[in-house]
Amino acid sequence: MSALQPRRALLSVSDKHGLIEFAAQLVAHGIELISTGGTYKSLRAAGIAAQEVSDVTGFPEIMDGRVKTLHPKIHGGILARRGTDEAVMAEHGITAIDLIVVNLYPFEQTVAKPGVGIAEAIENIDIGGPAMVRASAKNHDHVAIVVDPADYAAVLAALDGGGIDHAMRRALATKAFAHTSRYDAAVSAYLSSLDASGARDFFPGVLGLQFDKKQVMRYGENPHQRAAFYTERNAPLGSVGAAHQIQGKELSYNNLADADAALECVKSFVKPACVIVKHANPCGVAVSLDGIAKAYDLAYQTDPTSAFGGIIAFNRELDAATAQAIVERQFVEVIIAPLVSEAAKKVIAGKQNVRLLETGPWPDEPAPALDYKRVGGGLLVQDRDDHRIKVEELKVVSKRAPTEAELHDLVFAWKVAKFVKSNAIVYARDRHTIGVGAGQMSRVYSAKIAGIKAADEKLTVAGSVMASDAFFPFRDGIDAAAAAGIRAVIQPGGSMRDGEVIAAADEHGMAMLFTGIRHFRH
């Protein structure tokens with residue numbers, strides 16, 4: 001199928017980024033422009049010749065612009081099969097339209113505005129736009145459809161190179177159908193979230209999700225499973241979805257899952273921090289005012305055995321000295337940071353298989369988001385656990401209040417525990433982990449594991465603090481912690497036996513803080 005050199009183009013866009021420059025280039029290629037409403041006014045204001053749709057149809061725009069492109073001379077021009085429909089086109093005075101540049105009313109932006117009314121939302125449901133997009137995409141054998149300003153440069157390059165070939169037209173059509181699908185899903189989600197009074201439910205009655213395939217993986221969680229990685233459209237900076245792989249082998253399913261766990265944990269710290277993750281759990285975490293190299297050293301000391309083949313995340317630019325310390329000390333699967341210095345890239349380049357990811361800087365406060373968990377026949381949906389503890393929210397429930405140093409360590413340990421699989425126990429001192437117990441059916445056994453790991457690495461538990469992601473149902477966990485030398489505990493509280501647990505802390509001279517919030521992580 002031959003490449004397309006358009007002779008007529010219809011432009012009708014809400015997103016006008018790059019419109020004038022693109023339209024000017026189309027005119028320079030000898031392409032006649034047709035346009036509507038605000039797009040037509042923008043073109044004329046820029047001195048670009050264009051014909052109004054009403055001049056083509058012989059029928060004015062009516063009903064405040066609701067009806068303008070829904071006409072046989074427009075849709076016939078788009079849907080006509082070249083080499084098949086010329087006779088009927090001639091009979092009815094229809095001229096082919098070869099290039100359609102359309103994107104839709106800003107419905108999602110409209111309904112995201114605080115206090116938006118139903119009438120305004122309804123008025124921003126596009127009708128003619130989706131009809132033209134779908135018609136063009138259906139007829140991509142003969143027509144090119146452009147819905148994204150990001151594609152303008154590629155279309156112009158194709159025109160310079162002899163025309164828009166069939167492969168490109170099909171790719172543009174596929175993107176166009178995704179565009180209208182996403183749009184319809186947004187409208188459906190909004191309308192299904194409204195009750196009879198017009199009040200809006202946080203969770204829509206119909207949930208439509210759309211993600212773009214970023215890569216196909218060699219296999220999934222296990223070699224017999226197929227897998228692919230899909231990302232959100234416009235994934236936010238500072239996320240795994242937005243990360244750029246600088247070097248290394250292809251990322252695996254487990255690499256990405258663990259990189260996400262490490263990154264989200266390290267983002268919870270303000271000061272220079274390092275998080276090492278193995279099998280979805282932090283095995284070493286540290287904060288250091290001396291920089292990320294020191295933070296890495298302290299995090300590694302927690303559990304060097306588990307750190308082997310792990311994922312290392314930082315909340316500062318990766319520098320050459322830290323990169324050198326990592327490659328000289330251990331085997332690592334992935335290193336992820338907001339930025340990577342050129343010198344660090346050269347250091348890591350010596351280890352060709354190490355996957356190096358740069359996410360870009362992240363905002364101080366995360367944007368609200370939903371979490372999803374697939375279950376048989378359904379999907380569990382919740383808002384993401386973005387709670388960040390503040391010192392003023394903490395409640396001292398023991399007779400002894402924590403010292404200032406203990407308070408810093410308690411808050412640090414609590415932040416780590418949030419990212420450890422339940423039941424989670426974290427021992428910490430001087431803002432680095434001493435032992436981590438994860439994923440046990442009994443909280444007592446999680447505490448024992450944390451102690452065993454500390455002993456194996458000859459780290460002293462005595463004088464440390466302990467964080468628990470959920471309340472202690474019995475005093476035995478506190479008794480065991482005291483026996484190990486724990487001096488202060490942070491936990492949610494809320495057990496029917498809180499009184500017994502607090503009494504146990506007082507008997508051992510321990511400080512105990514209640515957060516009033518838990519962080520189960522399954």
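Q: Where is the place of Asn-423?
A: Asn-423 sits in the loop that runs between helix H16 (404-417) and strand E17 (425-429). Here helices (H or I, at least four residues) and strands (E, at least two) are DSSP runs, numbered from the N terminus. Asn-423 is joined to Ser-422 by a cis peptide bond, with omega about -5°. The structure is a predicted model, in which local features need pLDDT of at least 70, side-chain atom pairs count only at pLDDT 80 or more, and totals for chains, interfaces and linings use all residues. Residues are numbered from 1 along each chain as its sequence is written, and side-chain values use heavy atoms, with hydrogens and water left out.

Q: Why does His-279 count as exposed?
A: The relative accessibility of His-279 is 63%. The term exposed requires over 50% relative accessible area, while buried means under 20% and partly exposed lies in between (1.4 Å probe, protein chains only). His-279 therefore counts as exposed. This residue is found in the loop between strand E9 (273-278) and strand E10 (281-287), and its phi is near 50°, a positive value in a residue other than glycine.

Q: What makes Arg-431 count as partly exposed?
A: Its relative accessibility is 24%, so Arg-431 counts as partly exposed. Arg-431 also has a positive phi, of about 55°, although it is not a glycine. Its place is the loop between E17 and strand E18 (432-437).

Q: Why does Val-53 count as buried?
A: Val-53 has a relative accessibility of 1% and therefore counts as buried. It is found in helix H3 (residues 53-57). Leaving aside neighbours within four places in sequence, Val-53 is in contact (heavy atoms within 4.5 Å) with residues including Leu-10, Ile-34, Lys-68 and Ile-74.

Q: How do you know that Asn-255 is buried?
A: The relative accessible area of Asn-255 is 6%, so the residue is buried. Asn-255 belongs to helix H11 (residues 253-266). Not counting residues up to four places away in sequence, it touches Glu-250, Ile-311, Glu-333, Val-334 and Arg-355.

Q: Which residues of helix H14 are buried, and how do you know that they line one face of the helix?
A: In H14 (residues 320-329), the buried residues are Thr-322, Ala-323, Ile-326 and Val-327. Seen down the axis of H14, they fall within an arc of 125°, so they line one face; the arc is that of the directions from the helix axis to the C-beta atoms. An α-helix has 3.6 residues a turn, so residues three or four places apart point the same way. The face turned away from the buried side carries the exposed residues Ala-321 and Glu-328. Among the elements that cover the buried residues of H14 are helix H12 (292-302) and strand E11 (310-314).

Q: What makes the pair Lys-175 and Asp-148 a salt bridge?
A: The two side chains meet at 2.9 Å, N to O. A salt bridge is a side-chain nitrogen of Lys or Arg within 4 Å of a carboxyl oxygen of Asp or Glu, so this pair qualifies. Lys-175 lies in helix H10 and Asp-148 in the loop between strand E5 (144-146) and helix H9 (152-160), so the pair ties together parts that are 27 residues apart in sequence. Salt bridges that share partners join Asp-148, Asp-151 and Lys-175 into one network.

Q: What is the distance in the salt bridge of Glu-32 and Arg-8?
A: The side chains of Glu-32 and Arg-8 meet at 3.8 Å, N to O. The pair links distant parts of the chain, with Glu-32 in strand E2 (residues 32-35) and Arg-8 in strand E1, 24 residues apart. Glu-32 is partly exposed, with a relative accessible area of 37%, whereas Arg-8 is buried, at 9%.

Q: How many salt bridges does this rule give?
A: The count comes to 18 salt bridges. One of them joins Asp-98 and Arg-82, at 3.2 Å, N to O. Asp-98 is buried, with a relative accessible area of 8%, while Arg-82 counts as partly exposed at 23%.

Q: What share of the residues of the protein chain count as buried?
A: Of its 522 residues, 47% count as buried. The chain has 19 helices and 21 strands.
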